[in-house]
Every structure is written in C-alpha cells, then in structure tokens.
Amino acid sequence: MNTPMDAEQTLIVDDQTPEHAEALRELLRGLSQPDKWISSIYFYDSHGSVLFDRITELPEYYLTRTETAIMRAHGADMARVIGPDALVIEPGSGAGEKIRLLLGALDNPVAYVPIEIAREHLRNSAEALAQDFPELEILPVWADFTRSLDIPEPSCKTHRKIVYFPGSTLGNFEPDDAVALLRNFAAMVGEGGAALIGVDLAKEAALIEPAYNDSEGVTAAFNLNMLTHLNRRFGSDFKPENFKHEAFYNPGEGRVEMHLKSLCDQDVHLGGKTIPVARDESIHTESSYKYSDERFAALAGKGGFRLVKTWKDPESMFSVRYLERM
Ligand code: AVI
C-alpha cells in the first residue's frame, strides 16, 4: 500500500496556474506544426539535471573541459582586460568550477550576483560559493534572467559590471532570442559594462557530432527523459520506448539539432488533444548553435556589444569571448 511517506510514490500535482495553461498551449502549438518541436527547457527536471551533469563529464563532450581549460590558461589575461573591482553577474548560476576560476583570477572582485529561477539551487550554490570566497559580497537574485530585472547595488563601489555566461548556453537560443538576451545583458551591466561568454565554435560535423551521440547513451537518455518529464508534468502519455534519440550537425543553420524520432505510427494524448505521430516523424527538441568569429561578432553587435577579445583552445574547438557594451 502506498503511504504518504512511500519513497517510490510519484505524486502528480494538478497544476491549475495560468503559467501551466500557457505552457500547455505552447506545447500543443509546437506539436501541431508540420515540423514538430518541444522546448528544450523540458530537459531539466531533477533527473535531467543529473544526466546533464554526467554529459559534461563524458569523454566525447569536449565543451565543458575545453572551456575550463581556457579559463585556467587565460584567467590572468581575462582579469587584466576586465580590470579591478568588478561586479560579476551570472545568469543561470551553475555554482561550478568556471565561476570559481574567474573570481579567483579577478583583481578584488566587489560582488557576485547569481541569477537563478530555481530558488533552492540558487540558495545552495550561493552558500557554497560564500564558503570559498568569504570576502566576496554575494547578492543572489531569484528571477528569470531572460526577463528584465534590477541588479542589486553592492556596498563597495564597482569599476565595471560584467555578465559571465559560460557553457555555450547562448547557443541553445535561436539567434533572434540570443540577440534579445544579449540586449538584456547590456541593460544589466549598464554603461561601461561588459560580458564574458563561452561559445562553442563552428567546425566540421565530424568534430561536433560525437559530443551529442556519446557511446554510453547518456545524451540519448537525456533527450528521452524529456518525455517522462512531460508525462509527469502535463499528464501526457508519451511512450519513451517508442522514440529514438537523434542528433546531427546542420551546417546550413550552423547548429546541432536534437530530435526524438518515432519508431512507429502512434497517437500521443496531451491536454485533452490527440496528436498523431507517424513512423520516422521526428520532434525537434534542441538546437545548439555553433558560431564562427564573424557570425558571433555580428550577433554581439545586434545585441548591443562590441567583440573585443577572444580566447580559444589550441585546437580551436571552443571560445571565450569578451564583449564591451556599445
Ligand atoms: C546546455 N547546453 C549548452 C548543452 C549543449 O551542448 O547545447 C545542452 C546539451 N544538449 C545535449 N548535450 C548537451
């Protein structure tokens, strides 16, 4: 018998908030297009976050370790360009190694402002960082960083506000949305402000695709977990075993696309609607844009920033870009 304390029990909350209704409408909109899509935000339930952390440690997933190596190799140069007394803003604070490398390299950072929508995660990561940087003023903001928000004032004067956005997360935004996000960053840092952004580089498909098709199948599990997450959150009846993970580089668009390909003709039920999915039809679940120097400079310009300096690894797999507000 299930009791309220039963660890195996899966509680399904009947969410009747307007946000939930709007999210359901958006899901149905995406699934009723000729090219079906589901937003990649649905990767990140608690299991999806664990799977993503495992991805970052996979031998094929070069992005995280290469960016970390760039931060280690060039942290001192980054600190020189950024200057002393900086206030560092981290949208979607990961509490990871990279922010520690940056803060450790900077000359007298004045304050750190992590911005995060998951309140517990924000609190835990801010507390862990406070232990490692006891002198640093930490001003956590609980918010959606894609919306406009106020950056709290530090108690000591800052020479420059800088947004730190590592991990090539910008690549998961469609280019127009990436421009809008950069504009939001420009507003956060104000005049004289800057951004330090980790960006995966455009290159041959053969160098990129293994990172999204790992031999252990972790990325496949990450992709398929989205369906289990949707079933729990929206009461849908996706059968993950009826779909297969697919990821490939689309050179025309300059992006990796992740899809879930249907293994049979099937009907999926969601929000009172029936969605027919044909055999071999695919649902687009993520784009991960890879940028050449030129395309990134153009994107930055549209977003209100000038590209000032780029650091790369010796194989030119990944880049960290320093931008100044125009
Ligand atoms: C979070 N983001 C930068 C990852 C990427 O590479 O686009 C998400 C990911 N998708 C599959 N593997 C990793």
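1. The model is predicted, and in it a polar side-chain atom of tyrosine 212 lies 2.6 Å from an oxygen atom of the ligand. Tyrosine 61 likewise places a polar side-chain atom 2.6 Å from a ligand oxygen. For serine 288, an N or O atom of the side chain is found 2.6 Å from an oxygen atom of the ligand.

2. Which elements give two or more residues to the shell around the ligand? They are the helices α2 (46-56) and α8 (218-234), together with the strand β11 (282-289).

3. The shell itself can be described by membership and by class. There are 13 residues around the ligand, and those that come nearest are Tyr61, Asn172, Tyr212, Glu286 and Ser288. Sorted by class, the shell holds 7 nonpolar residues, 5 polar residues and 1 charged residue.

4. The overall fold comes next. The protein contains 9 helices and 13 strands.

5. How does the radius of gyration relate to that of a compact globule? For 326 residues, a compact globule would have a radius of gyration near 20 Å; the protein has 21 Å, so the value agrees with that expectation. Along the principal axes, the C-alpha atoms fill a box of roughly 60 × 50 × 35 Å.

6. The surface and the interior may be taken together. Of the 326 residues, 50% count as buried. The protein exposes about 16,100 Å², of which carbon and sulfur atoms supply 52%.

7. Asparagine 184 lies in helix α6, which spans residues 175-189. Is asparagine 184 buried or exposed? Its relative accessible area is 10%, and a residue counts as buried under 20%; asparagine 184 is therefore buried. Leaving aside residues up to four places away in sequence, asparagine 184 touches Phe145, Thr146, Arg147 and Ser148.

Technical notes. Residues are numbered from 1 along each chain as its sequence is written. This is a predicted model: local features need pLDDT of at least 70, side-chain atom pairs count only at pLDDT 80 or more; totals for chains, interfaces and linings use all residues. Side-chain values use heavy atoms; hydrogens and water are left out. A residue is near a molecule or strand if one of its heavy atoms lies within 4 Å of it. A polar contact is a pair of N or O atoms within 3.5 Å; within protein, one must be able to donate a hydrogen and the other to accept it, and residues adjacent in sequence count only if both atoms are side-chain atoms. Helices (H or I, at least four residues) and strands (E, at least two) are DSSP runs, numbered from the N terminus. Ala, Val, Leu, Ile, Met, Phe, Trp, Tyr, Cys and Pro count as nonpolar, Asp, Glu, Lys and Arg as charged, and the others, Gly among them, as polar. The radius of gyration is taken over C-alpha atoms; the globule rule is 2.2 Å times the number of residues to the power 0.38. Buried means under 20% relative accessible area, exposed over 50%, partly exposed in between (1.4 Å probe, protein chains only). Accessible areas come from the Shrake-Rupley method with a 1.4 Å probe; for residues, only the protein chains shown count as cover. Contact means heavy atoms within 4.5 Å.
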